[in-house]
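Welcome! Here is a short tour for anyone meeting this structure for the first time. Take a moment to look around before reading on.

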Amino acid sequence: MDVQNPTDGTTFFERLGLGFKVAFNAAFASEVKTGLKALAAAKAPKPPPERIHASGLFLLGALQREGRLIDFLRQDVAEFSDEEVGAAARVVHAGARKVLDQYFDFEPAAKEAEGSPITVPAGFDAQRIRLTGNVAGQPPFRGTLKHHGWVTRNIRLPDIPDSLDPRVIAPAEVELP
Amino acid sequence: MPHYALGIDLGTTNCALSFYDLTLERPRSIHESTLAIPQIVAPGTVEPRLLLPSFLYLYSAQEFPEGSLALPWEKGGRHTTDRAPGFAGEFARAHGVKVPARLVASAKSWLSHGGADRASALLPWQAPPEVPRISPVEASARYLAHLASAWDHAHAQGKGGAERAAAAQEVILTVPASFDAAARELTLQAATQAGLQNVILLEEPQAALYAWIEAAGDSFRKQVRAGDVILVVDVGGGTTDFSLIAVTEQGGELQLARLAVGDHILLGGDNMDLALAHTLNQELTAAGKKLDSWQFASLTYGCRQAKEALFADPKLKKSPIAVPSRGSALIGGTIKTELNRETLTRVLTDGFMPEVAITELPQGARRTGLTQIALPYAQDPGITRHLAAFLTRQARALAGSAELPVPLRGKAFVHPTAVLFNGGVFKAGPLKERMLAVVNRWLAEDGAEPVKELQGADLDLAVARGAAYYGWVRHGHGVRIRGGTARSYYVGIESPMPAVPGFEPPVKALCVAPFGMEEGTQADVPPQEFGLVVGEPTRFRFFASSVRRDDKVGQMFDDPLYGDEFEELAPIETTLPSDSREPGKLVPVNLQAAITEIGTLELRCLEKGGEGRWKLELNVRMKGD
């Protein structure tokens with residue numbers, strides 16, 4: 001069995017061999033570095049999805065902790081009265097809003113007021129502006145702003161420690177008597 | 001010379017740190033001067049906040065995943081403690097609600113509580129035996145160490161870091177004006193334990209006034225004038241503190257002098273939110289809905305939000321509160337209630353700021369005895385009643401005083417001409433307005449002009465900011481508030497008389513430190529002589545007065561326990577070392593008091609006709625133990 005180095009995926013013996021080469025030929029060092037990188041790229045296993053999407057899971061955890069969002073969305077609202085859904089929605093709204101304010105600043109993608117006329121110039125950013133209705137002809141387009149869109153201006157998500165499993169959104173709570 | 005002045009507000013419920021670059025010759029900018037304090041907000045999540053909640057959670061080994069409670073500065077393996085491991089801040093407060101037996105709270109109130117052994121491990125109060133306990137001093141030290149580490153992490157890394165470390169800066173630590181000598185000494189001990197080396201104490205209401213002066217800038221001299229008496233009303237999370245500061249003029253320059261401070265009142269903003277939550281909880285219980293302790297805490301939090309919403313918008317009649325379920329069934333399990341304006345006004349405005357006459361006194365005795373063990377919360381929630389008592393008592397005290405910086409004679413109560421509010425409670429406009437209305441009615445009934453309100457700075461951060469600004473002032477900029485001690489101090493002397501069962505021998509009070517002693521000065525030595533037995537502890541009863549302004553060192557007073565002018569503090573004691581002396585021998589000494597540069601009281605025994613000097617310790621243990 002190979003003794004894997006957890007950070008770059010090289011085996012102990014590969015590293016040992018490289019170490020000898022470095023020790024015997026100092027001029028070879030830069031080549032070794034390149035070799036190491038190539039090895040790492042070739043051998044590094046793809047991280048599991050929860051590592052790739054750790055910050056997304058973290059955000060779900062925060063929305064659940066502060067605003068009980070997962071609880072809310074996992075329940076079937078059909079069997080409850082508007083009064084009951086409304087009461088729960090207040091919990092979600094207050095908590096989830098706190099989380100958004102904590103981690104992000106948002107701004108509209110278009111500065112004009114909704115309902116007001118807007119000119120879309122040639123070479124517009126098609127990710128920030130979506131055309132609807134009678135889309136034909138060449139820009140500049142004249143239209144009405146229906147939704148001003150949202151763009152994230154600042155992101156303040158904290159570091160997520162490697163020691164914790166990001167899949168745990170909320171722990172089970174057990175109260176001891 | 002230190003590079004920075006660090007102003008630390010070590011609050012009952014929140015701590016904050018503000019800093020001032022002492023190398024600046026110009027006033028600092030308002031934006032870059034408060035430290036964001038990284039803290040655990042959930043296991044595995046560290047985030048910066050401007051306030052560090054003063055709560056410490058003492059966790060058990062298996063409670064949280066390994067590594068999930070590490071702070072950024074602990075990654076190098078530097079852990080604060082091995083005994084009673086804990087974490088401070090937001091997650092401590094949030095999780096502690098579910099596990100109250102492991103939560104240390106209100107450590108500051110315990111520091112000033114003469115009825116308990118403050119140096120012993122007594123917190124969490126009423127924790128079961130297997131939970132480790134720590135002393136109020138250690139809890140305070142942990143908050144300070146957290147702040148110091150956060151500072152070092154942000155400002156003292158890399159080359160030359162040691163010079164920028166908190167330990168090398170001038171630290172101004174604030175204490176309530178009503179803290180007695182022992183509580184100040186303990187606060188200092190906590191700072192030393194936290195590794196802070198260069199510490200000065202400053203009274204919180206003064207810090208609030210400094211913050212106002214800084215924010216007012218040049219307009220300060222236009223807003224107050226000589227002859228003004230500024231009343232500082234500081235309602236923190238757990239304590240209420242009053243101070244009177246006089247404005248005088250010398251050589252065309254305005255000067256500030258602190259005239260008086262109030263007694264220690266354990267009553268604050270947290271009590272208000274609790275009062276609302278209890279009121280609403282009664283209604284819920286009557287409707288058959290029972291909340292557990294975690295839900296009650298959510299209700300309290302919801303009440304604070306609803307209170308702020310109602311106070312911010314006078315047109316709102318009510319504000320909804322939703323208390324989430326403990327289980328995952330949020331819809332259907334959430335309990336909905338609401339806070340209406342009538343309840344808010346009845347419970348808060350009328351309950352805490354009742355419209356009372358100036359002659360009304362708070363119900364329940366002032367804290368004089370040392371008999372209680374649990375925290376001696378104020379019996380009367382009426383802050384206006386406490387204020388009436390303060391202004392009336394101080395008028396009597398000032399009336400006989402020989403040197404007064406402002407004219408106060410012949411009035412039934414001290415007439416303030418300006419008010420500065422401090423503390424998060426006063427974000428609520430109606431509470432401020434009520435207090436102003438009550439004070440103005442007292443003044444009008446006495447034929448005086450209404451007070452003007454000094455518009456304060458940020459109510460949550462003013463004390464820390466003012467403390468840092470004071471650090472700059474100490475280096476020769478701006479106006480300094482002259483203070484001195486706001487109390488006179490006395491040693492109890494038991495009169496010799498035959499023992500009568502059931503009667504304590506009468507005690508006399510010998511003045512050892514007069515009112516208004518400045519930092520860095522010492523008092524005359526009273527002529528009275530005491531005999532100390534070598535090798536045996538000697539203990540003296542100890543008294544203070546916040547109203548006896550003209551007592552001179554060496555004067556003796558009968559019956560300090562009669563009436564309400566003297567307050568008995570925890571005793572003071574010393575043991576004469578027996579080295580080079582014959583054990584059991586009687587050594588004649590005089591007592592001497594000094595106020596240190598730091599702002600603490602020091603009592604010494606001077607050997608009569610000899611070289612010997614010993615420090616008298618302020619006993620922080622319970623009376624009679």
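In this predicted model, the C-alpha centres of domain 1 of chain B and domain 2 of chain B are separated by 28 Å. Where these two domains meet, 35 residues of domain 1 of chain B are in contact with 34 residues of domain 2 of chain B. On the domain 1 side of chain B, the elements that each supply at least two residues are β1 (4-10), β2 (14-21), α2 (107-111) and β9 (170-175) of chain B.

| Domain of chain B | Residues |
|---|---|
| domain 1 | 4-197 |
| domain 2 | 203-267 + 359-481 |
| domain 3 | 269-352 |
| domain 4 | 488-618 |

Next, have a look at a sheet in chain B. Three of its strands form an open sheet in the order β7-β6-β8 (chain B), with antiparallel pairing. Because β7 (86-88) and β8 (103-104) of chain B stand at the edges with a single partner strand each, one side of each is left without a neighbour in the sheet. Helix α3 (residues 136-155) of chain B packs on this sheet and touches β6, β7 and β8 of chain B. The direction of α3 in chain B makes about 65° with that of β7(B). Within the sheet, β6 (residues 56-58) of chain B and β8(B) pair in the antiparallel sense over two bridges. Leu56(B) stands opposite Val104(B) in β8(B).

Now for chain A. What pattern does chain A follow along the sequence? Chain A reads α-α-α-α-α-α-β-β-β-β, with six helices and four strands. The domain assignment gives domain 1 (12-43), domain 2 (50-104) and domain 3 (109-149) for chain A. The C-alpha centres of domain 2 of chain A and domain 3 of chain A lie 32 Å apart. Buried residues make up 11% of the 177 residues in chain A. Among contacts in chain A with a separation of 6 or more, 66% are between residues 24 or more positions apart.

Finally, how do the two chains meet? Their contact takes 19 residues from chain B and 17 residues from chain A. On the chain B side, β4 (45-49) and β14 (318-323) of chain B are the elements giving two or more residues, and β4(B) gives the most, with three residues. That side of chain B has nine nonpolar, seven polar and three charged residues.

Notes. Residues are numbered from 1 along each chain as its sequence is written. Chains are lettered from A and ligands numbered from 1 in the order in which they are written. This is a predicted model: local features need pLDDT of at least 70, side-chain atom pairs count only at pLDDT 80 or more; totals for chains, interfaces and linings use all residues. Domain bounds come from an automatic or database domain assignment. Two residues are in contact if their C-beta atoms, placed from the backbone, lie within 7 Å. Ala, Val, Leu, Ile, Met, Phe, Trp, Tyr, Cys and Pro count as nonpolar, Asp, Glu, Lys and Arg as charged, and the others, Gly among them, as polar. A residue is buried if 20 or more other C-beta atoms lie within 10 Å of its own, exposed if 12 or fewer, and partly exposed in between; C-beta atoms are placed from the backbone. Two strands pair if DSSP finds at least two bridges between them. Axes are lines fitted to C-alpha atoms, for helices over the stretch in contact, and angles run from 0 to 180 degrees between N-to-C directions.
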